[in-house]
Amino acid sequence: MNCIPCPKGDICPLREADGSLRIPERLVGIGFRCWMAGFATCDINCWEAGWRIYRDRLGADAAKGAITELSCWVRALSAAANRRIEFYPFYDPFDGVAFCRDERLGIAMIAAGQHEAEDAVRGVAATLLGTPDADEVVRTARDFAAVLGAAGMTLEPRQSQ
């Protein structure tokens, strides 16, 4: 199953040579999934799994900041959504993971935030939330994007949806 359809095929900048999604995009998608699942189920195991993945990829210090901002972003998304935000059930493999449309929108929002594409951040937020009222979501997305960038996790600027 492909994670994000890409019109560039084999030369897709979002993919590694083996066809897997790049680590920065995977981190955002899996973080989104773990935190959405944690808020939906109140199961701490979802958050702990996300923490372990971030710690393993970023180191404990950088992961603390990233997880803090991830949590703020997902909490803002959950509070502002005018529709049910979809996500796949969490399972632990980091490699070969596939993302649903809403998870891909989350990845696109953070990518746009890293590349200061304000109109894109707002447009993706409105699509994901089902409402144009997205100021807090946009602010928290930019904060999360900045922390990831500072940790060396730069997403590609253009995401397919």
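A: The buried residues of H5 pack against H1, H3, H4 and H6; buried means under 20% relative accessible area, exposed over 50%, and partly exposed in between, with a 1.4 Å probe and protein chains only. Contact here means heavy atoms within 4.5 Å, and helices (H or I, at least four residues) and strands (E, at least two) are DSSP runs numbered from the N terminus. Please keep in mind that this is a predicted model, in which local features need pLDDT of at least 70 and side-chain atom pairs count only at pLDDT 80 or more, while totals for chains, interfaces and linings use all residues. Residues are numbered from 1 along each chain as its sequence is written, and side-chain values use heavy atoms, with hydrogens and water left out.

On H5 itself, Val121, Val124, Ala125, Leu128 and Leu129 are the buried residues. They line one face of the helix, because they fall within an arc of 120° when H5 is seen down its axis; the arc is that of the directions from the helix axis to the C-beta atoms. The length of H5 also fits: its twelve residues should span 16 Å at 1.5 Å a residue, and its end C-alpha atoms are 16 Å apart. That expected span is 1.5 Å times one less than the number of residues.

Both ends of H5 deserve a glance. In the loop between H4 and H5 sits Glu116, which has a positive phi of about 55° although it is not a glycine. With a relative accessible area of 74%, Glu116 is exposed. After H5 comes Gly130, also with a positive phi, near 80°.

Now for the wider setting. The protein chain has six helices and zero strands, giving the pattern α-α-α-α-α-α along the sequence. Of its 161 residues, 47% are buried. Among contacts between residues at least 6 apart in sequence, 67% join residues at least 24 apart.

The largest nonpolar core has 43 residues, and those touching the most other members are Tyr54, Trp73, Leu77, Met109, Ile110 and Val137. Such a core is a set of buried Ala, Val, Leu, Ile, Met, Phe, Trp, Tyr and Cys residues joined through side-chain atoms within 4.5 Å. At least two of its residues come from each of helix H1 (23-41), helix H2 (44-58), H3, helix H4 (101-114), helix H5 (118-129) and helix H6 (135-150). H3 gives the most, with eight residues.

Not counting residues up to four places away in sequence, Ile110 touches Val28, Trp73, Ala141, Phe144, Ala145, Leu148 and Leu155. Ala66, in helix H3 (residues 60-80), is buried at 0% relative accessibility. Leaving aside neighbours within four places, Ala66 is in contact with Tyr54, Leu58, Phe144, Val147 and Leu148. The C-alpha atoms of Ala66 and Val147 are separated by 5.8 Å, although the two are 81 residues apart along the chain. Thr140 belongs to helix H6 and is buried at 1% relative accessibility. Beyond its neighbours within four places in sequence, Thr140 is in contact with Cys72, Trp73 and Ala76.

Cys46, Ala49, Gly50, Ile53, Tyr54 and Leu58 are the buried residues of H2. Seen down the axis of H2, these fall within an arc of 145°, so they line one face of the helix. That buried set packs against H1, H3 and H6, while the face turned away from it carries the exposed residues Ile44 and Asp56. In the loop between H1 and H2 lies Cys42, a residue other than glycine with a positive phi near 60°; at 67% relative accessibility, Cys42 counts as exposed.

Finally, the cysteines. Taking a disulfide as a pair of cysteine sulfur atoms within 2.5 Å, the count comes to zero. Cys34 is in no disulfide, and the nearest cysteine sulfur, that of Cys46, is 6.8 Å away. Cys34 is buried, with a relative accessible area of 0%, and Cys100 also counts as buried, at 9%.
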